[in-house]
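Opening the notebook on this one. I want to go through the chain contact, then the domains, then a few local spots.

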Amino acid sequence: MSEQAFLVLTALAEEPLHGYAIVQAVEQLSEGRMVLRVGTLYGVLDRLVADGLAERDREEVHQGRLRRYYKLTDSGVRALQAEVARLSANVRAASAVLRGRGVQPWTSRA
Amino acid sequence: MDEQGVSKLERRYRRLLKVLPKWYRQDREEEMVGLFLADRSDDLDLEHGWPGWGEAAAMLGLAVRTHLAAGAALTNVPAKAMWRGEIVRALGMIGLLLGVFYAGAAITSLSVAYGNPEWAPEITWWRVLELGPIVAFAALLTGRRTLAKVAAFAPVVLAVATVGQSGHVFLWGVFQLPAIVTFLCLCLGFHREAPTPPARRLLWWGGGALLLGLLGGFATGTGLLAIALITLVVRVVAFVRGDFVLGRAVSLFALLQLAPLAFLLVGGEVLVLALPLAVLLVLCAVAPVRKPSARPRVS
């Protein structure tokens with residue numbers, strides 16, 4: 001799973017979101033590292049929908065503009081769970097190695 | 001703003017969205033325009049602002065992925081877009097096999113030249129670029145797409161570098177046009193969402209092409225005829241098996257080989273090989289393809 005897909009799934013796990021809200025949520029979740037372009041976002045959404053991990057939800061008109069919401073499916077929740085388990089295992093392994101070298105695995109942010 | 005209250009910026013975004021296929025735009029245009037304009041509310045920006053380069057590049061990427069669709073990555077794709085994607089990928093693959101054939105021939109002719117002081121000028125360091133297709137083929141089958149595209153670019157570099165050197169436009173055209181089109185097909189067809197080609201089956205094809213090239217390197221001059229004959233055989237097999245994608249791709253491939261030939265024949269240049277070659281390639285290009293009854297298999 002790409003980091004983009006992972007972050008979009010994470011954003012949708014909280015609640016159904018429309019495109020703009022997904023872009024904002026992903027930027028927030030990645031602490032500003034990832035700003036999705038429209039072309040990229042829809043590529044990711046198309047793939048998630050085709051894989052059955054996300055689906056279209058309701059549509060709303062906001063200030064004369066169409067907003068289409070997307071939500072996570074049950075298999076999307078399971079896919080996210082599996083990815084979290086995989087990443088956590090990697091983090092645990094890397095942390096153990098760092099501790100073995102006498103280095104703190106987490107650096108505090110300035 | 002015009003009389004309908006549509007800003008210039010919105011019109012510019014809508015123009016950008018025209019790179020997407022119609023079927024995709026019909027479904028997504030309004031939603032996308034809303035997203036583009038969501039945080040651009042400044043009047044000056046609405047009048048004089050433009051879509052950014054990054055947005056335009058991302059949109060072009062999406063356009064390639066939808067025009068040359070891979071079925072597994074999208075829902076409700078028209079069969080036409082899926083066939084188109086499959087055919088471009090197949091054409092890229094066939095072109096790459098031709099490149100592997102030439103690379104094999106280059107290995108043989110260089111080894112022969114190596115033992116012969118008369119041909120020493122034939123050996124130059126840049127001829128290593130001729131081996132690019134072998135690297136590209138292996139990289140593509142193992143899913144290393146960027147490497148595959150870079151390696152497939154090597155023969156294009158050679159083509160451009162040698163355009164002035166070779167006095168023979170005929171040979172130059174026949175040899176280099178496929179390399180250029182192959183490179184384009186690989187770049188466009190094997191996008192992020194395209195499936196990795198079936199390695200086991202293609203390995204046989206790649207091995208065969210390399211072996212034929214190694215052998216063909218000994219018999220200079222017969223390579224073109226051999227390629228035309230093989231093209232015809234594959235074309236017949238594609239028809240008998242009802243393989244629409246392979247059939248169309250081979251037809252395009254034959255046209256590609258035919259273009260420089262036609263150019264020469266019209267120009268009045270007569271070559272002994274040209275006529276039988278042209279006949280074989282025209283046969284390949286115009287041979288019928290069975291219309292597919294269903295959509296391409298989704299992998």
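Started with the contact between the chains, keeping in mind that this is a predicted model. I get 20 residues from chain B and 16 residues from chain A in that contact. Next I looked up which elements of chain B give two or more residues to the side touching chain A: they are α2 (22-37) and α4 (53-67). Sorted by type, that side of chain B splits into 10 nonpolar, 6 charged and 4 polar residues.

Domains next. Chain B comes in two pieces, with domain 1 covering 8-67 and domain 2 covering 79-286. How many residues of domain 1 of chain B are in contact with domain 2 of chain B? I find 5, and they meet 6 residues of domain 2. On the domain 1 side, I have 2 nonpolar, 2 polar and 1 charged.

Moved over to chain A for the strands. Strand β2 (residues 54-62) and strand β3 (residues 65-72) of chain A run antiparallel, joined by 7 bridges. I checked one partner: V61(A) is bridged to L66(A) in β3(A).

Last stop, S88(A), which sits in helix α4 (residues 74-100) of chain A. Is S88(A) buried or exposed? I call S88(A) exposed because 10 other C-beta atoms lie within 10 Å, and the cut-off for exposed is 12 or fewer. I also took the C-alpha separation from S88(A) to V38(A): 30 Å, for residues 50 apart along the chain.

Conventions
Residues numbered from 1 in each chain as written. Chains lettered and ligands numbered in written order. Predicted model: local features only at pLDDT ≥ 70, side-chain atom pairs only at ≥ 80, totals over all residues. Domains from an automatic or database assignment. Contact = placed C-beta atoms within 7 Å. Nonpolar A, V, L, I, M, F, W, Y, C, P; charged D, E, K, R; others polar. Pairing = 2+ DSSP bridges. Helix = DSSP H or I, 4+ residues; strand = E, 2+ residues; numbered from the N terminus. Buried ≥ 20, exposed ≤ 12 C-beta atoms within 10 Å, placed from the backbone.
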